[in-house]
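Biologist: Hi! Could you walk me through some helix packing in this one?
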Amino acid sequence: MRKELIVLLVILGVFLAIGCTGNGNEATNETVTPATNETGAATNETSVSEQNPDAITVSAAASLTEAFTDMESQFETENPGTDVNLNFAGSGNLRKQIEGGAPVDVFASADQKNMDMLANETLIDNSTRKDFAENSLVLIVPSNSDLNITGIKDLTASDVGKISIGNPETAPVGKYTTQALTDAGLWDQLKDKTILAEDVKQVLTYVERGEVDAGFVYMTDAKAADPGTIKIVATVPVNTSISYPIALVSASDNKEESQEFVDFVTGEEGQEILEKYGFTPESE
């Protein structure tokens, strides 16, 4: 009899525990769902917008890093329902990512060629394409350099061993550099000294660290260098303007938000930020 009573008490305890657990779960759901459930009907539209803003991915040339990071902060402040994800690299690599189907909404290139290639493949919405900034090419050396480099002709000297340039296949800055050196009749003498970098930021890093004797970067990147690490020794003439276009990617699922970002970049606020970082803006 005692054994049967114990069994009954155990069974009763189990049922009581299950009942308490179920009630606890129901209470938790009633309290948390309106605030945290991302898909439930009880969550109002305002809460969803605040917790899960529409995200757009902007692939931009590496030389735009500082300016676009600044723009991202200001744009998101003015458009709290939109989250901007920035992806920086050489324009050629970014183009290849878009060609490969990467989920990109906006493309900002450091040259016209890579944008033209996407346009020819109908991978950008050409009606949204705008030029928004210009840059210039400069020759830089480490700040502690004891070499007498005052212009591109000095790079032919025997004591100049390593010159960093962007890879012309991936970084427009490399294309501009090779063309400028070819036009000056110096490329054949200098090509064996060149150290290729994936983008302009890597060129800058090589020079800042003193790993090369000289490098070619955009003026905006030279201005963004760590203080006291490099010297600008010459502005390098190029036979074509260093012009930056921006456009919506055709496959974007967020065209309205993406167009708002493009409008911001090409508008007064965006142009002021670009000018602050050394770009020549192209206001409408």
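Modeller: Happy to! One term to begin with: a crossing is left-handed if the near helix is turned anticlockwise from the far one by less than a right angle, and right-handed if clockwise. Here α3 passes α10 in a right-handed crossing. This is a predicted model, where local features need pLDDT of at least 70, side-chain atom pairs count only at pLDDT 80 or more, and totals for chains, interfaces and linings use all residues. Residues are numbered from 1 along each chain as its sequence is written, and side-chain values use heavy atoms, leaving out hydrogens and water.

Biologist: Which residues of α3 and α10 make the contact?

Modeller: With contact meaning heavy atoms within 4.5 Å, α3 brings F68, M71, Q74, F75 and E78, and α10 brings E257, E260, F261, F264 and V265. They divide into six nonpolar, one polar and three charged.

Biologist: Switching topic: at what angle do α4 and α5 cross?

Modeller: Roughly 10°, and the axes of α4 (residues 91-99) and α5 (residues 112-120) come within 9 Å. Axes are lines fitted to C-alpha atoms, for helices over the stretch in contact, with angles from 0 to 180 degrees between N-to-C directions.

Biologist: And which residues of α5 are buried?

Modeller: N114, M115 and L118, where buried means under 20% relative accessible area (1.4 Å probe, protein chains only). Seen down the axis of α5, they fall within an arc of 100°, so they line one face of the helix.

Biologist: What do those pack against?

Modeller: The buried residues of α5 pack against α4, β3 (106-108), β4 (124-135), α6 (172-183) and β10 (242-249).

Note on methods:
Helix = DSSP H or I, 4+ residues; strand = E, 2+ residues; numbered from the N terminus. Buried < 20%, exposed > 50% of the residue type's maximum accessible area, 1.4 Å probe, protein only. Arc of directions from axis to C-beta. Nonpolar A, V, L, I, M, F, W, Y, C, P; charged D, E, K, R; others polar.
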